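These are my notebook entries on a structure that I looked up. Each entry records what I checked and what I found.

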Amino acid sequence: MSETPVSIMTIEKRRPLGLAIRRGFAGRCPNCGKGKLFRAYLKVADRCDHCGEDLHHQRADDAPAYFTIVIVGHFIIAGVLATEFVAPDAPFWVPALIWSALALAASLWLLPRIKGALVGLQWANRMHGFGGADEER
């Protein structure tokens, strides 16, 4: 009977998930919370300018856009329906203009925050090269 060698597992320090998501939502480095996460509106910086953490590994792809659509869509649709209930005789163009502008503003405000939160989630879970198992290969 042959014995298989016991592999020595490295114990990695747990990364705080909630804190990393909050830091990412605020547009800060998920590691230190001080450096900027973005170098432009939706362009993630290659590395943190404060602690040097590599951030180029992130793979948010289309998820921030999907989550933004779901969140903004819920309150815009609720608002449109409430407007129809409260003011059914209002001219069509007034609420259409107001709710369209609000949807655009909310989407533009929320999109980078959701992307930052997803980058923080990936960092905390060591996904996509942020220190997880796929980096050891």
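**Entry on His57.** I began with His57, which I located in the loop between α1 (17-25) and α2; helices (H or I, at least four residues) and strands (E, at least two) are DSSP runs, numbered from the N terminus. I then looked up the separation of His57 and Gly131: they are 74 residues apart in sequence, and their C-alpha atoms are 9.8 Å apart in space.

**Entry on the source.** I note that this is a predicted model, in which local features need pLDDT of at least 70 and side-chain atom pairs count only at pLDDT 80 or more, while totals for chains, interfaces and linings use all residues. Residues are numbered from 1 along each chain as its sequence is written, and side-chain values use heavy atoms, with hydrogens and water left out.

**Entry on the overall layout.** I recorded 3 helices and 0 strands in the protein. From the N terminus the order of elements is α-α-α. The protein has 137 residues, of which 31% are buried. I also looked up the contacts (heavy atoms within 4.5 Å). Of those with a separation of 6 or more, 57% join residues 24 or more positions apart. The protein exposes about 9600 Å², and carbon and sulfur atoms supply 64% of that area; accessible areas come from the Shrake-Rupley method with a 1.4 Å probe, and for residues only the protein chains shown count as cover.

**Entry on the nonpolar cores.** In soluble globular proteins, nonpolar side chains tend to be buried together. I therefore looked for nonpolar cores, each a set of buried Ala, Val, Leu, Ile, Met, Phe, Trp, Tyr and Cys residues joined through side-chain atoms within 4.5 Å. The largest has 12 residues, including Ala20, Cys29, Cys32, Cys48, Val119, Trp123 and Phe130. Helix α3 (residues 93-124) supplies the largest share of this core, 3 residues. Another core, of 7 residues, lies apart from it and includes Trp99, Ala106, Leu110 and Leu118.

I placed Ala20 in helix α1. Ala20 counts as buried because its relative accessibility is 0%. Which residues does Ala20 contact, leaving aside neighbours within four places in sequence? I found Pro30, Gly120, Trp123 and Ala124. The C-alpha atoms of Ala20 and Leu118 are separated by 9.3 Å, although the two are 98 residues apart along the chain. For Cys32, not counting residues up to four places away in sequence, I listed Arg23, Cys48, His50 and Cys51 as the residues touched.

**Entry on Gln122.** Gln122 is found in helix α3, and at 6% relative accessibility it counts as buried. Beyond neighbours within four places in sequence, Gln122 is in contact with Gln58, Arg59, Ala60, Met127, His128 and Phe130.

**Entry on the aromatic pair.** I searched for ring pairs of Phe, Tyr and Trp (its six-membered ring), whose centres must lie within 6.5 Å; planes under 30 degrees apart count as stacked, over 60 as edge-to-face and the rest as tilted. The structure holds 1 aromatic pair. Phe25 and Trp109 form it edge-to-face, at 6.4 Å centre to centre with 75° between the planes. Phe25 lies in helix α1 and Trp109 in helix α3, so the pair ties together parts 84 residues apart in sequence. Phe25 is partly exposed, at 37% relative accessible area, and Trp109 is partly exposed, at 47%.

**Entry on the salt bridges.** Side chains of opposite charge can pair when their charged atoms come close. A salt bridge is counted when a side-chain nitrogen of Lys or Arg is within 4 Å of a carboxyl oxygen of Asp or Glu. I found 2 salt bridges by this rule. In one, Asp46 pairs with Arg39, with the closest N and O atoms 3.7 Å apart. Asp46 is partly exposed, at 49% relative accessible area, whereas Arg39 counts as exposed, at 55%. Arg47 also forms a salt bridge, with Asp54, the closest N and O atoms being 2.8 Å apart.

Methods. Buried < 20%, exposed > 50% of the residue type's maximum accessible area, 1.4 Å probe, protein only.
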